[in-house]
Amino acid sequence: MNFQTGEWVVHCTHGLGQVKAIEERSFGDNTVPYYMVQIADLTIWVPDDENLGKRLRKPVNEGEFKKLLNTLAGPPEELPTDRRQRNQYLVEMLKDGSAESLCRVIRDLTAHRGHRSWSEYDSELIRRVKKTLIGEWSFILSITPLDAEVEMQKLLAQNAK
């Protein structure tokens, strides 16, 4: 098992949470440990299987996180103009669950919106990804989510210049 009760973790979809319990569950002949993770008012159960690293990770340390923030202000990558291709590209980018991927998706989608409209998928994806990054950001740097969001907007605005 990679995590302990009480440890803070980042879930790839739901963001920052805390491991509240570890419980073994049996399915036929297989017994698998599950992490009970509390994320705000949401409780999720995450199996400790071969995909755990893509679902849960420890928050990035402060020094590494500050380096990652430069990604937000860096030059964006051009996204496919075709909605389906763009969706597939972004999902693939987020598969590793890393904070760097979150930063890249936010940066690139924000730049994409500068000269094209967003699809409903784009809007929902950036909302979810921003929420995840801001939760981790405010936790790591001990600031309010609003302060993290304001700083994010400042960094993203550097690309618009």
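This is a predicted model: local features need pLDDT of at least 70, side-chain atom pairs count only at pLDDT 80 or more; totals for chains, interfaces and linings use all residues.
Select residues 99-113, which form helix α4. Its 15 residues reach 21 Å from the first C-alpha to the last, close to the 21 Å expected at 1.5 Å a residue. Next, colour the buried residues of α4, among them Ala 99, Leu 102, Cys 103, Ile 106 and Leu 109. Charged side chains also belong to this buried set, including Arg 107 and Asp 108.

**The cysteines.** The structure holds zero disulfides. Cys 103 counts as buried, because its relative accessibility is 0%, whereas Cys 12 is partly exposed, with a relative accessible area of 25%.

**The largest pocket.** Stay at Cys 12 and display Lys 54, Leu 94, Lys 95 and Gly 97 as well; of the 14 lining residues, these five are the closest to the centre of the largest pocket. The volume of this pocket is about 220 Å³. Helices α4 and α5 (120-141) each give two or more residues to its lining, and α5 gives the most, with three. The lining comprises four nonpolar, seven polar and three charged residues.

**The second largest pocket.** Finally, select His 14, Ile 39, Asp 41, Lys 131 and Gly 135, which are among the residues lining the second largest pocket. Its volume is about 160 Å³. Here α5 provides the largest share of the lining, three residues, and β2 (15-27) also gives two or more.

Technical notes: Residues are numbered from 1 along each chain as its sequence is written. Side-chain values use heavy atoms; hydrogens and water are left out. Helices (H or I, at least four residues) and strands (E, at least two) are DSSP runs, numbered from the N terminus. The expected span of a helix is 1.5 Å times one less than its number of residues. Buried means under 20% relative accessible area, exposed over 50%, partly exposed in between (1.4 Å probe, protein chains only). A disulfide is a pair of cysteine sulfur atoms within 2.5 Å. On a 1 Å grid over the protein atoms alone, a cavity is a set of points where a 1.4 Å probe fits but cannot get out, and a pocket is an open set with protein on both sides within 12 Å along at least five of seven lines; lining residues have an atom within 4 Å of a point. Grid points are joined across faces, edges and corners, and a volume is the space filled by probe spheres set on the points.
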